[in-house]
Amino acid sequence: MLGINELWLFILSGLLLNVTPGPDTAYIIGRSIQLGWRGGAAAALGICSGCLVHVFGAAIGLSALLMTSAAAFTVLKLVGAAYLVFTGLQMLLSRAAPIAEAAVQEGTVSLRRVFWQGALTNVLNPKVALFFLAFLPQFVAADSPHKTAAFLALGLIFIFNGTLWCLGVAAFASKAASRIRHSQRVIAWINRVLGGMFIYLGIRVAMLQTR
């Protein structure tokens, strides 16, 4: 259907890629410890929404533009790197909220911010765009007349499975961390770890090459 080859192998490969620990997993775990299940779920949904942008990008050729145009790649790379470093510095310089404020942090505004941080981290990372461009075509027949639909179908399958996994990670992390979540000292260290992670990712993104 749609010229998709070896769908079972694609699903298996996607599951293995999703369960491999990485920066996204670390971000979800960190937010789950900070804000509980809702914070982790917001981070997971934000990250998966960012992936959705790249799937549509791959389907309509924007990812191909990033691969062939050094200027477009460089612009997105620098914007993404700047955002990541800025977010990291904000978290490093933030202070742990008192316990009374911790409950407030679980409100809509805080969760919205967590969601958009996760989404923008993926959207502004050209490495994710290039990943989808390199991964998805392996399972689409070269002579398929429905390549765009095939890209979208495969991308949505990948994101659906990834979302389930990320939500599971958030649930497990929030439950395991329920006892330490209310410690101001622990929250301060989590902010430092997450901030350092964002800065590291920003540096890595800035050093990405088109080849």
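**Reading the helices and the core**

Modeller: Gladly! Let's start with a pair of helices: the axes of α1 (residues 7–19) and α8 (residues 147–176) come within 9 Å and cross at roughly 40°. Do keep in mind that this is a predicted model.

Biologist: What makes α1 oblique to α8?

Modeller: The crossing angle is roughly 40°. Angles under 35 degrees count as roughly parallel and 65 to 115 as roughly perpendicular, so α1 is oblique to α8. The crossing of α1 past α8 is right-handed.

Biologist: Which residues make the contact?

Modeller: From α1 come L7, F10, I11, G14, L15, L17, N18 and V19, and from α8 come L154, I157, F158, N161, G162 and W165. These residues divide into 10 nonpolar, four polar and no charged.

Biologist: What is in the largest nonpolar core?

Modeller: That core has 31 residues, and F10, I28, F132, L136 and L154 have the most contacts inside it. Helices α2 (23–60), α6 (108–123), α7 (126–135) and α8 each supply at least two of its residues, with α2 giving the most, 12 residues.

Biologist: Which residues does I28 touch beyond its neighbours within four places in sequence?

Modeller: I28 is in contact with G40, A43, A44, I47, C166, V169 and A170.

Biologist: And how many helices and strands does the protein have?

Modeller: The protein has nine helices and zero strands. Of its 211 residues, 45% count as buried.

How values were computed. Residues are numbered from 1 along each chain as its sequence is written. This is a predicted model: local features need pLDDT of at least 70, side-chain atom pairs count only at pLDDT 80 or more; totals for chains, interfaces and linings use all residues. Side-chain values use heavy atoms; hydrogens and water are left out. Axes are lines fitted to C-alpha atoms, for helices over the stretch in contact, and angles run from 0 to 180 degrees between N-to-C directions. Helices (H or I, at least four residues) and strands (E, at least two) are DSSP runs, numbered from the N terminus. Angles under 35 degrees count as roughly parallel, over 145 as roughly antiparallel, 65 to 115 as roughly perpendicular and the rest as oblique. A crossing is left-handed if the near helix is turned anticlockwise from the far one by less than a right angle, and right-handed if clockwise. Contact means heavy atoms within 4.5 Å. Ala, Val, Leu, Ile, Met, Phe, Trp, Tyr, Cys and Pro count as nonpolar, Asp, Glu, Lys and Arg as charged, and the others, Gly among them, as polar. A nonpolar core is a set of buried Ala, Val, Leu, Ile, Met, Phe, Trp, Tyr and Cys residues joined through side-chain atoms within 4.5 Å. Buried means under 20% relative accessible area, exposed over 50%, partly exposed in between (1.4 Å probe, protein chains only).
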